[in-house]
Amino acid sequence: MSDVTLNSAVRSNLRTLQSTTDLMAQTEERLSTGKKVNSALDNPTSFFTAQSLDRRAGDLGTLLDNVSSSVQTIEAADNGISAISDLVNQMKSTARSAQQSDSAIAAKASFTSGAITGASSANLLGDGAEVAGTADLSAFTAAAGDAGNLVINGETIAIAAADEGTDVVDKINAKTADTGVTAKLGDDGKLQLSAKAGETLEVGSGSTAATLTALGLTAGTTNSESGLTGKTLEVTVGDGSKKTITFGNGDGEVSSLDELNKSLADSNAKASLTSDGKLTIETTNAYASADLTIGGTAVSTDGSAATGEVFDLASSAAATASAVIDDDGKSVRQDYVNDYNDLKSQIAELAKDASYNGVNLLSGDDLSVTFNEDGSSKLEIGGVDIMEKIGLSDISIDDFLDSSKIDDVIDTLGSALDNLDSLSSRLGSQLSVVETRESFTKDMIGTLEDGSYALTGADTNEEAANLATLQTRQSLITSSLSISTSQEQNVLQLLR
């Protein structure tokens, strides 16, 4: 170009054209990239700041994929818990159906005593002791030598000279009312003494001998026929605690069938009395399959019952009785046992399928969710072994034999549902945290990208207007160049 001489007008137009071309190239680049800063040469500060913002947004975008995957993993576990809860409820229904089916027990464990003379529902102790005098007192009048003391069950009655038979009866009844001893004259005129139910009667040795002779009595103790007063009965049902009952009329003692059943209620046993005075102890319907063991001083285990040992057993081994199983009822309940165990096995299979992207929170896998690019913010979600968490295992026919055992199974299922609800609540809370952080991360990425664009983004409308202006300017400069070179063209025409 140094060999070509340009006039000043052409040179000026040429520089303007070159500048316009450069501006057009820059404007076209901005329009094509959408950025006004495309390299560090355009604006170093804006370029590197935007690059840092874009890099962080990219890192968060990568983490966002992991967070989104974590949301699905937690939801998969929660779906599994919901389905497992349905299966547990089905197991509960199976247990209740078994409870309402035909009984598997043909006869409950029980013991029946020998007949207790005089026993009734109101009086299990039987007849009290009775003593009959040998002297006819219908026309009796005590002589001076007959006067003295009569001691009955510890009470002293003073018999005076000239007392008649009815006077003697009245004095005895007045003194012994609190001890339960009553006196009367029989049809034969002889004195009859009766103790209250099950009690002994003692004519004390402190009585005056002449008085005893006059009344036809002998010093000594007479026991009731049953001898049950003061005896104990120990009752144990299955693996339950031993209940000890004392028969008698004192505080805390039992004398009636109603009192006996109240005492047995918390031991899961009950009592009944036959019309001939035989006492039966048996398990309740709820514990129909349980063994029943009895003991105490009211029980003989040597086959030779003494007075008051109303339960006569051949040996110690005979002190435990077992229920008799009904085969048909057992078969029906075995079917329910099989259904129950099948449902339980499906829980384990379902839990295995509650995985997402290789992570199963119901099989003990842990999940770590990272929320920021340097890993300082994260959430650790611990997995569980769902079968250990709910504590369910296979059952046998023994678990479905009676209502009490089925109730135990139902209680276990209730606890399992509570554990599932607790686990679902925990996962729901953690899912809420992850979803909140997911939303925050999305918003943060948008903020970073907006910040980057604010530093480097081009206004396309402005750049389009600039390009149109530059194109017009380029046309004008081209025309100006043509005019600037017209003088040289005129000289060229003259030379021709």
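**Figure 1. Glu 349 and Lys 352 form a salt bridge in this predicted model.** The closest N and O atoms of Glu 349 and Lys 352 are 3.7 Å apart. Both residues belong to helix 6. They sit three residues apart, so about one helical turn separates them. Glu 349 is partly exposed, with a relative accessible area of 41%. Lys 352 is exposed, at 53%.

**Figure 2. Helix 6 spans 38 Å from its first C-alpha to its last.** The helix has 26 residues. At 1.5 Å a residue, the expected span is 38 Å, and the model comes close to that. Several residues of helix 6 are buried, among them Gly 329, Arg 333, Val 337 and Tyr 340. Leu 343, Ile 347 and Ala 351 are also on the buried list.

**Figure 3. Asp 394 forms a salt bridge with Lys 344.** Their closest N and O atoms are 3.6 Å apart. Asp 394 lies in the loop between helix 7 (386–390) and helix 8, while Lys 344 lies in helix 6 (residues 327–352), so the pair ties together parts that are 50 residues apart in sequence. Asp 394 is partly exposed, with 49% relative accessibility. Lys 344 is buried, because its relative accessible area is 17%, under the 20% cut-off.

**Figure 4. Asp 163 pairs with Lys 171 in a salt bridge.** The closest N and O atoms of these two residues are 2.7 Å apart. Asp 163 is buried, with a relative accessible area of 9%. Lys 171 is partly exposed, at 28%. The structure holds eight salt bridges.

**Figure 5. Lys 108, Lys 270 and Glu 282 are linked by salt bridges.** Look for these three residues together. They make up a network of salt bridges.

**Figure 6. Thr 441 is buried in helix 8.** Helix 8 covers residues 403–456. The relative accessibility of Thr 441 is 4%, so this residue counts as buried. The Thr 441 side chain reaches the backbone oxygen of Arg 437 at 2.8 Å. Leaving out residues up to four places away in sequence, Thr 441 touches Leu 60, Leu 64 and Phe 371.

**Figure 7. Four strands build an open sheet in the order 11-10-14-17.** The pairing is antiparallel. Strand 11 (243–246) and strand 17 (320–321) stand at the edges. Each edge strand has a single partner strand, so one side of each is left without a neighbour in the sheet. Strand 10 (residues 232–237) and strand 14 (residues 292–295) run antiparallel and are joined by four bridges. Val 235 has Ile 294, in strand 14, as its bridge partner.

**Figure 8. Asn 153 has a positive phi.** Most residues other than glycine have a negative phi. The phi of Asn 153 is near 50 degrees, and this residue is not a glycine. Asn 153 lies in the loop between strand 4 (148–152) and strand 5 (155–159). The residue is partly exposed, with a relative accessible area of 24%.

**Figure 9. Asn 357 also has a positive phi, of about 55 degrees.** Asn 357 is not a glycine either. Find this residue in the loop between helix 6 and strand 19 (367–370). Asn 357 counts as exposed, because its relative accessibility is 63%, over the 50% cut-off.

Definitions and conventions: Residues are numbered from 1 along each chain as its sequence is written. This is a predicted model: local features need pLDDT of at least 70, side-chain atom pairs count only at pLDDT 80 or more; totals for chains, interfaces and linings use all residues. Side-chain values use heavy atoms; hydrogens and water are left out. Helices (H or I, at least four residues) and strands (E, at least two) are DSSP runs, numbered from the N terminus. Buried means under 20% relative accessible area, exposed over 50%, partly exposed in between (1.4 Å probe, protein chains only). A polar contact is a pair of N or O atoms within 3.5 Å; within protein, one must be able to donate a hydrogen and the other to accept it, and residues adjacent in sequence count only if both atoms are side-chain atoms. Contact means heavy atoms within 4.5 Å. A salt bridge is a side-chain nitrogen of Lys or Arg within 4 Å of a carboxyl oxygen of Asp or Glu. Two strands pair if DSSP finds at least two bridges between them. The expected span of a helix is 1.5 Å times one less than its number of residues.
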